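This briefing concerns the packing of selected helices. The sequence and structure are shown first, followed by the points of interest.

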Amino acid sequence: MRAIEIKQPGPADVLQLCERPVPELKPGEVLIRVHAAGINRPDVLQRLGHYPVPPGASDLPGLEVAGDIVDGDLAGSAFQKGDMVCALVQGGGYAEFCAAPLQQCLPVPAGLSPLEAASLPENYFTVWSNVFDRAKLAAGETLLVQGGTSGIGVTAIQLAAAFGLRVFATAGNADKCRATESLGAERGIDYKTEDFVAVVKALTGNKGVDVILDMVGGDYLPREIDCLADDGRIALIALLGGAKANIDLGQVLRRRLTISGSTLRPRPVAFKGAIAANLREHVWPLFEAGKVRPVIFKTFPLEQAAQAHALMESSTHIGKIMLQVV
């Protein structure tokens, strides 16, 4: 099969087209003929040598795919060979065939193409796990999304808005702020020209928000603590702004604040399978009702994975960057 491998850690052009054997299946896995795969920030970190591959996972990049099932033990499942599915995987998505745990597969939502479906797993699994499971965002609460035009950002905004919650989002320019508002944010906040703490407090009557989805970390964290309502929660999922922060623990104690962090890739299949079941029950009907939608910025052919990574690193995109495989 054709695949994209990381020849050595480095810039985007270390991604090279190669020939690899079709993956051998482990118990509980299915083989997917990949139609499309998503580009995600962890793929870039892996390419740079900053995101080690979990033991036993493919060294090929790619954490989400969509395509048809061509092999695997499907006994007792709702799937059969030939079914179109999308799947969250630990690696191997940048290829013509990919092994995926059956528990992490979901049907392509009605009305969506395989390309659109391939843009869903990494972001929707991540947002559901962190915003709704860990941070327990609930009815009547408010959410602040840092990086509102990233794949994670557009997912979190749409989901929270679809559930009838107030959402605010930060972005890097006026056009991106308007994009967050078109997706359901009540207010896009330009983090380059505005103080998101002051804006959020003004919009919430000085109360602050209940949950913050943070992929920045670093010096954002003390400001986010100032931005939280009492009993507020920060869900930290990435460290684009650095791994160190100087925070006021007195506020954490007095106001009963919670800061949690998680990474999804190394978690066991059963954990991800439980998220998949929640998505199937609570989120997939939203696609079919037109209440949430994929947001795809640009699509590249598989052999242009390097150009796709360069676009990701430019941060000029709004939504997902994709690879078309077939």
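H6 and H7 are roughly parallel to each other (an angle under 35 degrees). This is a predicted model, in which local features need pLDDT of at least 70, side-chain atom pairs count only at pLDDT 80 or more, and totals for chains, interfaces and linings use all residues. Residues are numbered from 1 along each chain as its sequence is written, and side-chain values use heavy atoms, with hydrogens and water left out.

**H6 and H7**
- The axes, lines fitted to C-alpha atoms over the stretch in contact, come within 9 Å and cross at roughly 15°.
- Phe196, Val197, Val200 and Lys201 of H6 are in contact (heavy atoms within 4.5 Å) with Tyr220, Arg223, Glu224, Asp226 and Cys227 of H7.
- The residues of this contact comprise five nonpolar, no polar and four charged.

- Helix H5 (residues 174-182) has Lys176, Cys177, Ala179 and Thr180 buried.
- These residues cover an arc of only 155° around the axis, which puts them on the same side of H5.
- Asp175 and Ser182, on the other side of H5, are exposed (over 50% relative accessible area).
- The buried residues of H5 pack against helix H4 (151-162), strand S9 (166-171) and strand S10 (187-190).

Methods. Axes fitted to C-alpha atoms, helices over the stretch in contact; angles between N-to-C directions. Helix = DSSP H or I, 4+ residues; strand = E, 2+ residues; numbered from the N terminus. Parallel < 35°, antiparallel > 145°, perpendicular 65-115°, else oblique. Nonpolar A, V, L, I, M, F, W, Y, C, P; charged D, E, K, R; others polar. Buried < 20%, exposed > 50% of the residue type's maximum accessible area, 1.4 Å probe, protein only. Arc of directions from axis to C-beta.
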